[in-house]
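Trainee: I would like to go through the terms used for this model and ask what stands behind each one.
Mentor: Then let us look at the structure and take the terms in turn.

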Amino acid sequence: DELNVKKVVYKKSIEGELEFDLNLTPELLMEGYAREAMRQIQDMRKEAKYQMDEQATIHWHSFDEGVVRAMENWSEEIKRDTVLNAFEKHRKDGLVYDVEKETELAPNKKIWLAVKK
């Protein structure tokens with residue numbers, strides 16, 4: 001369905017052949033979760049009608065250990081790339097958000113995201 005290429009290595013000794021390493025390392029999986037979270041956050045910012053340079057806060061929560069590790073490891077990149085002043089692990093509570101949703105970053109990898117100014 002999709003192909004994301006991280007690195008291409010060209011070997012002169014193999015003519016006309018193309019070989020893909022289809023193994024997903026834990027690092028690649030975490031990067032994928034982070035990139036999908038960034039896409040979801042950008043969609044939420046758009047839905048909330050935020051300006052491109054307008055700082056926002058994201059609260060998030062997941063019961064999945066892999067998703068939690070990914071969000072924690074990629075938090076600085078997520079903040080920078082989605083124009084956030086805060087990206088905080090925070091359980092769902094009674095706070096009012098501009099937009100909130102529960103989504104899957106990959107099959108069975110759920111996360112709750114909420115955005116506010």
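Predicted model: local features only at pLDDT ≥ 70, side-chain atom pairs only at ≥ 80, totals over all residues.

Trainee: How do you know that the length of helix H1 agrees with its number of residues?
Mentor: H1 covers residues 26-47, which is 22 residues, and at 1.5 Å a residue these should span 32 Å. The end C-alpha atoms are 32 Å apart, so the two values agree. Just after H1, Lys49 takes a positive phi of about 65°.

Trainee: Why is Glu36 called buried?
Mentor: Buried means under 20% relative accessible area. Glu36 has 18% relative accessibility, so it counts as buried. Glu36 lies in H1, and leaving aside its neighbours within four places in sequence, it is in contact with Glu104 and Leu105.

Trainee: Which other residues of H1 are buried, and what covers them?
Mentor: Among the buried residues of H1 are Met30, Tyr33, Ala37, Ile41 and Met44. What covers the buried residues of H1 includes helices H2 (65-73) and H3 (75-81), together with strands S1 (56-61), S2 (84-89), S3 (99-106) and S4 (109-116).

Trainee: What makes S1 largely enclosed?
Mentor: Six of the six residues of S1 are buried, so the rest of the structure largely encloses this strand. Both faces of S1 are covered. Ala56, Ile58 and Trp60 are buried on one side, and Thr57, His59 and His61 are buried on the other.

Trainee: How do you know that S1 pairs with S2 and with S4?
Mentor: Two strands pair if there are at least two bridges between them. Five bridges join S1 to S2, and five bridges join S1 to S4, so both pairs meet the cut-off of at least two. On the S2 side, Ile58 stands opposite Phe87 and the bridge partner of Trp60 is Lys89. On the S4 side, the bridge partner of His59 is Ala114.

Trainee: Why is the pairing in the sheet called mixed?
Mentor: Strands of a sheet can pair either parallel or antiparallel. Here S1 and S2 run parallel, whereas S1 and S4 run antiparallel. The pairing of this open sheet of four strands is accordingly mixed, and the strand order is S2-S1-S4-S3.

Trainee: What makes S2 and S3 edge strands?
Mentor: Each has a single partner strand, so one side of each is left without a neighbour in the sheet. From one strand to the next, the twist averages 25°.

Trainee: How do the helices H1 and H2 lie on the strands, and at what angles?
Mentor: H1 lies across S1, S2, S3 and S4, running at about 155° to S3. H2 also lies across S1, S2, S3 and S4, and runs at about 40° to S4.

Trainee: What lines the largest pocket, and how much space lies in it?
Mentor: About 1,500 Å³ of space lies in the largest pocket. Its lining has 30 residues, of which Leu3, Asn4, Val5, Lys6 and Asp21 lie nearest the centre. H1 and S3 each supply at least two residues of the lining, and H1 gives the most, with seven.

Methods: Residues numbered from 1 in each chain as written. Heavy atoms only, no water. Expected span 1.5 Å × (residues − 1). Buried < 20%, exposed > 50% of the residue type's maximum accessible area, 1.4 Å probe, protein only. Contact = heavy atoms within 4.5 Å. Axes fitted to C-alpha atoms, helices over the stretch in contact; angles between N-to-C directions. 1 Å grid on protein atoms, 1.4 Å probe; cavity = no way out; pocket = protein on both sides within 12 Å on 5 of 7 lines; lining within 4 Å. Points joined across faces, edges and corners; volume = space filled by probe spheres on them.
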